[in-house]
Amino acid sequence: MNSLGRILEFGYYSILLYSIFNSILNKEKKKSIEEASAAIFSDDLMVEIVSWLPVKYVMQLRCVNKFFNTLVFDPHFIQMHLSKSTQNLQLSFTSFENNSADFTKSEDWDSRWITLSIPDLLLQNTVTISHLSDSYYRLSRSPHYRWVIGSCNGLLCVYGNSWPDQYLYFWNPAMRKESKRIPLFFDIYINRNFDFSFGYDNSTQTYKVVAFYVELNSDSNPKSVVKVFSLGDNSWRDVQCLPLVPLYCLLGINDFHNEGMHFNGTINWFALDDINLDRSAAALDRCVILSLDLSTETYTKLLLPRGLDKVPAGYPPNLVVLMDCLGFCHDFDKTHFVIWQMKDFGVQESWLQLFKISYENFARENLLPLYLSENGDTLVLGNDRHREAFIYNCRDNKVEKIKIADRTNWELGNYYVESLVSTD
Amino acid sequence: MAEEKSQASSSKMLTLKASDGVLFEVELNIAKEMKTVQAYIDDCEDIETIPIPNVLGKHLAIVIEYIKKTNEEYDAEFEKQWNMDDLQLLLLAANYLNISGLQECLCKAIAKRIENKSPEYVRKVFNIENDHSPEEEAKLRKEYKWAFEGVDKD
């Protein structure tokens, strides 16, 4: 028999074997599907199973039948799904890429919303960044600028600016749903640089955006304007203005990451405790945390820990949320990095110094803590100026550097979890 | 005498009788993890054999094993041994016996197995009818095209 004959014979037998094998496999699969249909689940059990699915697959289920189609709107299911989704915590970032040959041409930057999975980061020490190449997640593309103000229960609040229009909108990226645009109350021609924070009021179950602006005058007292927009409303409301001057106003906003930090139904700022205090004397031990309660829309002063090292506010402290508690980090003597945690919100005695870590471990300053594991052992830190992130193991005092996306610059954001929360 | 008595109560055994008549002798503290059994014991203190009418011996054995060995590592590997058929029956057992840890483990496992499968596959798994009209279904598929990209073939 010639070689061609042999090849054909071999081919024939391969195909025969393959198709026999395949049909056995299919029969097994078919058998298992048919047998599986013998188990009858109650609606409650089916719903519980489905509440573990990522949003994309829950959306696929809408085609299964009418029950699953409307399930995604059921408030109880949305809540159930959210509580499970929080086990898969992610960090959200904005990544920037320059499209032109000339890096100084700022008009040619485009930005995208990306996320990083914390469980993956901790388990595998690898960085899985989602949405880096998916154009749906693009934010800015000159001349349209957008940036994410905040993230809450899977809902993002985005500020947009396409000169001369400016607006806000709410976005659930997992469901690919966006709300209609909300016009802003201030004219872009009048130089009013408002800042925004996004949070959730537990008592009324409403998502709220807080817009704030502080004007410092050398002669008279500082003036501030604070307004609130609730998701579902059609207008902005004035609320009580800031009773103290936030630290970021005095030191220049670029150095702060988390001015107007949302935590558990409150918006928080570092502020100088005395309205008459000389700005050059702004030191950490003269500060308090000014907290706006989103349900009462009133302010409280939260005292910082006693005996705080006399830290000049030159390296600005940053508010952080770690292990479901509000805290802050600051530089000490340019040699160490300190993190404090307020175990009981509003209770001065509950402040705990979690870490005092030497910069030697990192060869880098300007670090921001991003996440602390539940057992307190693993700390994730970032430095967006240098596109670096670090995993610090507290037990062995070891640091591991992680590289996040090769050519992308990124700006730190917040925590994010997928959810089915509506944008209306 | 007192010592003997306490020794006896700490290793008190209970018999569970599966739907197919298979008997299992388990320690009291294991049986108590099944809240349904706990309720039975609370009602009738002196009971020695408890009937479990909804669960086959084969599955009851697996459930008891789970309760004895459960920990993070065990749970992670547990579901891999069973086919969809068994997983579903185990879930019904865990639900009837009211064992929250096992129920959660199984719900997560079944969710993982239906992830990214076609609606038809999901209907077969849950034994449900498609009450969408063809137009409705087509409309949904079009509207959520992005969600269907890369669906696994059945």
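Student: In S12(A), which residue is the bridge partner of Lys208(A)?

Tutor: This is a predicted model, in which local features need pLDDT of at least 70, side-chain atom pairs count only at pLDDT 80 or more, and totals for chains, interfaces and linings use all residues. Residues are numbered from 1 along each chain as its sequence is written, chains are lettered from A and ligands numbered from 1 in the order in which they are written, and side-chain values use heavy atoms, with hydrogens and water left out. S11(A) and strand S12 (residues 223-230) of chain A run antiparallel and are joined by eight bridges, where strands (E, at least two residues) and helices (H or I, at least four) are DSSP runs numbered from the N terminus, and two strands pair if DSSP finds at least two bridges between them. The bridge partner of Lys208(A) in S12(A) is Ser230(A).

Student: Which residue stands opposite Lys208(A) in the pairing of S10(A) with S11(A)?

Tutor: Strand S10 (residues 195-201) of chain A pairs with S11(A) over seven bridges in the antiparallel sense. In the hairpin of these two strands, with four residues between them, Gln205(A) takes a positive phi near 50°. The residue opposite Lys208(A) is Gly199(A).

Student: How many of the ten residues of S11(A) are buried?

Tutor: Buried means under 20% relative accessible area, exposed means over 50%, and partly exposed lies in between, with a 1.4 Å probe and protein chains only. Of the 424 residues of chain A, 50% count as buried. Strand S11 (residues 206-215) of chain A is mostly covered, and its number of buried residues is nine.

Student: Which strands stand at the edges of the open sheet of four strands in chain A?

Tutor: The open sheet of four strands in chain A pairs in the antiparallel sense, with the order S18-S19-S20-S21. A strand at the edge has a single partner strand, so one side of it is left without a neighbour in the sheet, and this holds for strand S18 (318-322) and strand S21 (351-358) of chain A.

Student: What is the bridge partner of Val321(A) in S19(A)?

Tutor: S18(A) and strand S19 (residues 325-332) of chain A run antiparallel and are joined by five bridges. In S19(A), the partner of Val321(A) is Leu326(A).

Student: Turning to chain B, are H6(B) and H7(B) roughly parallel or roughly antiparallel?

Tutor: The axes of helix H6 (residues 84-97) and helix H7 (residues 100-114) of chain B come within 9 Å and cross at roughly 150°; axes are lines fitted to C-alpha atoms, for helices over the stretch in contact, and angles run from 0 to 180 degrees between N-to-C directions. Angles under 35 degrees count as roughly parallel, over 145 as roughly antiparallel, 65 to 115 as roughly perpendicular and the rest as oblique. The crossing angle therefore makes H6(B), relative to H7(B), roughly antiparallel.

Student: How do the residues of the contact of H6(B) with H7(B) divide?

Tutor: Contact means heavy atoms within 4.5 Å, and the residues that make this one include Leu87(B) and Leu91(B) of H6(B) together with Leu106(B) and Arg113(B) of H7(B). Ala, Val, Leu, Ile, Met, Phe, Trp, Tyr, Cys and Pro count as nonpolar, Asp, Glu, Lys and Arg as charged, and the others, Gly among them, as polar. The residues of the contact divide into eleven nonpolar, three polar and one charged.

Student: Is Asn116(B) buried or exposed?

Tutor: Asn116(B) lies in the loop between H7 and helix H8 (119-126) of chain B, and has a positive phi of about 60° although it is not a glycine. Most residues other than glycine have a negative phi. Because its relative accessibility is 10%, Asn116(B) counts as buried.

Student: What is the relative accessibility of Asn127(B)?

Tutor: Asn127(B) is placed in the loop between H8 and helix H9 (134-143) of chain B, and its phi, near 55°, is a positive value in a residue other than glycine. Asn127(B) counts as partly exposed, because its relative accessibility is 38%.

Student: What separates the C-alpha atoms of Ser19(B) and Gly57(B)?

Tutor: Ser19(B) is in the loop between strand S1 (13-17) and strand S2 (23-27) of chain B. Not counting residues up to four places away in sequence, Ser19(B) touches Ile52(B), Pro53(B), Val55(B) and Leu56(B). Ser19(B) and Gly57(B) are 38 residues apart along the chain, and their C-alpha atoms are separated by 6.8 Å.
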